[in-house]
Amino acid sequence: MKFGLFMMPLHPSYREVADCYDRDIDQLVLADKVGYEEAWLGEHFTEKWENAPAPDLLIAKALALTERIRFGTGVTLLGMHEPVYLAHRVAMLDHLARGRFQWGIGLGGIPTDMMLMGLDPSEGRARAAEALDVVLGLWNSGGTFRYDGTFFKIDAPELDPVTERGLHMKPLQLPHPPISVAASTSQSGSLKVAGARGWSPMSSSILSRTFLPGHWKTYEAAALDADNTPNRSDWRIARDIFVGPTPAIARERALAVLGRNYDVHQLPSRQGTVQMDLMKIDPDMKDEDVDVDYLMENVWIVGDPQECADKIRELYEDVGGFGTLLSITADSDDAGWDHESLTLLVEQVGPLVEDLN
């Protein structure tokens with residue numbers, strides 16, 4: 001069992017923006033020190049609680065302050081970007097990382113992000129698919145690249161051997177950095193794309209264990225149809241996790257932090273949506289039953305090290321196995337709570353589940 005972080009990031013809206021980024025960097029430096037394998041940094045433009053519109057900037061700073069941990073975008077919202085600029089920016093980041101970079105991509109986007117960009121949400125997936133084709137095409141080109149799509153028309157200049165001007169920039173990791181695709185719905189089209197192309201899947205933290213097996217089945221079927229060999233060790237599952245020195249302290253802190261995140265930030269936007277249904281272990285549950293107490297017992301992983309290890313083992317067995325558990329980072333008013341939880345997860349919970357492979 002490997003451990004990683006998924007840094008959405010979540011910050012209460014009263015936190016100063018610069019302080020949010022300092023807290024993120026402190027957690028990433030700690031994660032590198034205590035032994036996390038990887039960290040994925042989210043991207044949003046209109047989510048005040050998830051205020052990281054340029055995760056590559058955070059990654060670039062964190063790379064200079066860490067030694068081993070691998071970073072990834074979690075995820076690049078493909079439809080929001082001009083793909084030529086994106087291809088060059090990601091390639092440059094891959095060189096800065098010297099191999100410590102993974103590219104997480106998403107084919108969707110929240111409506112307010114698209115509205116800000118002046119984009120039609122109904123065209124989001126098609127636009128994202130074209131952007132991905134352009135980025136990979138530029139990276140794989142032999143010196144020239146043309147693309148005539150619905151949203152993007154590209155005619156890249158060939159590299160002139162005399163002036164040395166023209167298309168030339170490629171990532172350090174060829175043909176591209178390892179790609180992971182995030183998905184949150186049970187029959188996600190993104191998972192089908194990942195399986196067909198041989199990329200790794202990442203499952204959202206909101207999914208109850210009822211829906212997670214369907215994630216793997218969707219990915220596996222697409223991979224087999226494309227003659228790829230799916231490997232459960234490539235599967236990443238995200239979870240809200242809070243580990244405390246005792247069960248009582250863990251619950252008290254989770255109530256204060258994860259509970260605040262849910263009641264103030266997440267619940268208002270999830271009510272009446274499919275996201276509410278995805279958190280239910282029983283489809284007949286009422287929406288009002290999906291409260292903090294329910295989530296703490298059925299979706300989140302909260303407790304002392306032994307209790308959290310037992311819940312991880314139960315999750316592993318329920319879904320049939322996976323490779324990496326991604327802990328959603330939190331932002332407690334007392335940052336020491338977050339640091340203690342992250343440390344306990346790797347140093348005390350990890351050895352209790354190291355046989356899960």
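These legends accompany a set of close-up views of one predicted model.

The model is predicted, so local features are described only where pLDDT is at least 70 and side-chain atom pairs only at pLDDT 80 or more, while totals for chains, interfaces and linings use all residues. Residues are numbered from 1 along each chain as its sequence is written, and side-chain values use heavy atoms, with hydrogens and water left out.

**View 1. The largest nonpolar core and its neighbour.**
The largest nonpolar core holds 94 residues, and Tyr36, Trp103 and Ile312 have the most contacts inside it. Helix H5 (residues 124-140) supplies the largest share of this core, 8 residues. Another core, of 13 residues, lies apart from it and includes Leu77, Met80, Leu119 and Leu326. A nonpolar core here is a set of buried Ala, Val, Leu, Ile, Met, Phe, Trp, Tyr and Cys residues joined through side-chain atoms within 4.5 Å. Buried means under 20% relative accessible area, exposed over 50%, and partly exposed in between (1.4 Å probe, protein chains only). Helices (H or I, at least four residues) and strands (E, at least two) are DSSP runs, numbered from the N terminus. In soluble globular proteins, nonpolar side chains tend to be buried together.

**View 2. A patch of negative charge on the surface.**
Now to the outside. Asp263, Glu288, Asp289, Asp291 and Asp293 gather in this patch of negative charge. Glu288 sits in the loop between helix H9 (274-278) and helix H10 (292-298). Glu288 counts as exposed because its relative accessibility is 57%. For such a patch, residues with over 30% relative accessible area and no salt bridge are taken, and like charges are joined within 9 Å. Asp and Glu count as negative, with the charge placed at CG of Asp or CD of Glu.

The whole structure contains 16 salt bridges, each defined as a side-chain nitrogen of Lys or Arg within 4 Å of a carboxyl oxygen of Asp or Glu. In the bridge between Asp333 and Arg15, the closest N and O atoms are 3.2 Å apart. The two residues are 318 residues apart: Asp333 is in the loop between strand E12 (324-328) and helix H12 (335-349), and Arg15 is in the loop between strand E1 (2-7) and helix H1 (17-34). Asp333 is exposed, with a relative accessible area of 51%, whereas Arg15 is buried, with 13%.

Asp355 forms a salt bridge with Arg313, and the closest N and O atoms are 3.0 Å apart. Asp355 is in the segment after H12, while Arg313 is in helix H11 (residues 305-319), 42 residues apart. Asp355 counts as exposed at 52% relative accessibility, and Arg313 as partly exposed at 24%. Elsewhere, salt bridges that share partners join Arg15, Arg23, Asp331 and Asp333 into one network.

**View 3. Two cis peptide bonds.**
Take a look at the backbone here. A cis peptide bond joins Met8 and Pro9, with omega about -20°, and Pro9 lies in the loop between E1 and H1. Leu174 and Pro175 are likewise joined by a cis peptide bond, with omega about 5°. Pro175 is in the loop between strand E7 (153-156) and strand E8 (179-183).

Most residues other than glycine have a negative phi, and most peptide bonds are trans. Arg98 has a positive phi of about 50° although it is not a glycine, and is found in the loop between helix H3 (83-97) and strand E5 (101-106). Arg98 is exposed, with a relative accessible area of 73%. Glu164 also has a positive phi, near 55°, and lies in the loop between E7 and E8. Glu164 counts as exposed at 63% relative accessibility.

Notes. Patch = residues over 30% accessible without salt bridge, like charges linked within 9 Å, V, L, I, M, F, W, Y side chains within 5 Å. Areas by Shrake-Rupley, 256 points an atom, 1.4 Å probe, with all protein chains shown as cover.
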